[in-house]
Amino acid sequence: MRAVPRRNLLDGFNAWLMLERGLSPNTRAAYGADAARLVQWLAEQGLSPQQADVDMLHAFVAELHDLGIAPRSQARIISGIKSLYRYMRLEHLIDTNPSLLLDAPRTGHHLPEVLSVHEIDAMLATIDPAAQHAVRNRAIIEVLFSCGLRVSELVTLEISRINLQLGFLTVTGKGSKERMVPLSPSAIYEIEQWMQERTRYPVKAGHEGYLFLNRSGRALTRVMVFYIVRDLAAAAGIRKTISPHTLRHSFATALLEGGANLRAIQQMLGHESIATTEIYLHLDNTRLRDEILRCHPRSF
């Protein structure tokens, strides 16, 4: 396996798409842009495409979902990624192809995966209190579930934007739009515990303001949060496909089931359009139907 500069890799990939695959200019442009997006994202994590494994590719796809990219567009991007890794394998730039296990999302209408409160509690229960990052990881799960933050909002959350006395935090979402999100008593407690623990962490210059840090004192990456959530779900025996965005879905679903109206949920999630929020209404109706079918005498 030999290392290839990023620009050479993308140029070679484009030439292969044209000469070997015979793809149209539009398709080549789309695949090239998709490959460049992945390469840039991996570089931000300190990795090259040759170092990425299937978990890292899944984390990339989870972020596409978090950014609100439609399943059909996600499927096209994944197709471009698979083509890139097929090219790399043919050119002996990698020994194994991690994209073979990367599944495209369903492009039809589907409902998001959600976790119940019981499942969230089960994830928290798997955290060993004596583990190095136990307090931090509890706070991460609680803030994601109690506040419905996007993972990008979580990792960039600054201490100065949190008011524990009044019980709210302020985040900057898509389009640089700010919104205030209430903090639950559980979230306040876990943040307070973490703030005490955080004083023991070394803090790198330029990262002093971020709430969540890694062991070297830098702001957490989105990939690290993906791994934390995924590993805790696996430890709790949860067989669903889990990402940080799952906790955001679970937050919205819990609000709806608790009686919150869609406008309030829209505001808490930072959705620009109410149509985006209405997916949770469909989810609630589906659960209601399942409950009726389970309990009604005519269903037996």
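**Exercise 1. Find where Leu166 lies, and decide whether Leu166 is buried or exposed.**

Leu166 is placed in the loop that runs between strand 1 (162-163) and strand 2 (168-172), where strands are DSSP runs of E with at least two residues and helices are runs of H or I with at least four, both numbered from the N terminus. The relative accessible area of Leu166 is 64%, so Leu166 is exposed; the cut-offs are under 20% for buried, over 50% for exposed and partly exposed in between, with a 1.4 Å probe and protein chains only.

The model is predicted, with local features needing pLDDT of at least 70 and side-chain atom pairs counting only at pLDDT 80 or more, while totals for chains, interfaces and linings use all residues. Residues are numbered from 1 along each chain as its sequence is written, and side-chain values use heavy atoms, leaving out hydrogens and water.

**Exercise 2. Describe the surroundings of His207.**

Begin with the position: His207 belongs to the loop between helix 8 (185-198) and helix 9 (222-235). The relative accessibility of His207 is 18%, and therefore His207 counts as buried. Setting aside neighbours within four places in sequence, His207 touches Arg198, Leu213, Gly217, Arg218 and Ala219, contact meaning heavy atoms within 4.5 Å.

**Exercise 3. Work out how helix 1 and helix 2 pack, and which residues meet.**

Helix 1 (residues 6-19) and helix 2 (residues 25-44) pack at an angle of about 155°, and their axes are 10 Å apart. Such axes are lines fitted to C-alpha atoms, for helices over the stretch in contact, with angles running from 0 to 180 degrees between N-to-C directions. Helix 1 is therefore roughly antiparallel to helix 2, given that angles under 35 degrees count as roughly parallel, over 145 as roughly antiparallel, 65 to 115 as roughly perpendicular and the rest as oblique. On the side of helix 1 the meeting residues are Arg6, Leu10, Phe13, Asn14, Leu17 and Met18, and on the side of helix 2 they are Arg28, Tyr31, Gly32, Ala35, Ala36, Val39, Gln40 and Ala43. By class, this contact has nine nonpolar, three polar and two charged residues; Ala, Val, Leu, Ile, Met, Phe, Trp, Tyr, Cys and Pro count as nonpolar, Asp, Glu, Lys and Arg as charged, and the others, Gly among them, as polar.

**Exercise 4. Repeat the analysis for helix 6 and helix 10.**

The axes of helix 6 (residues 134-147) and helix 10 (residues 244-257) come within 6 Å and cross at roughly 40°, which means that helix 6 is oblique to helix 10. In helix 6, Ile141, Leu144, Phe145, Ser146 and Cys147 meet Pro244, Leu247, Ser250 and Phe251 of helix 10. The contact of these helices comprises seven nonpolar and two polar residues, with no charged ones.

**Exercise 5. Classify the ring pair of Trp16 and Tyr87.**

There are seven aromatic pairs in the structure. The ring centres of Trp16 and Tyr87 are 5.7 Å apart and the planes stand at 45°, so this pair is tilted; rings of Phe, Tyr and Trp (its six-membered ring) pair if their centres lie within 6.5 Å, and planes under 30 degrees apart count as stacked, over 60 as edge-to-face and the rest as tilted. Trp16 in helix 1 and Tyr87 in helix 4 (residues 71-90) are 71 residues apart, so that the pair links distant parts of the chain. Both Trp16 and Tyr87 are buried, and together with Phe13 they form one aromatic cluster.
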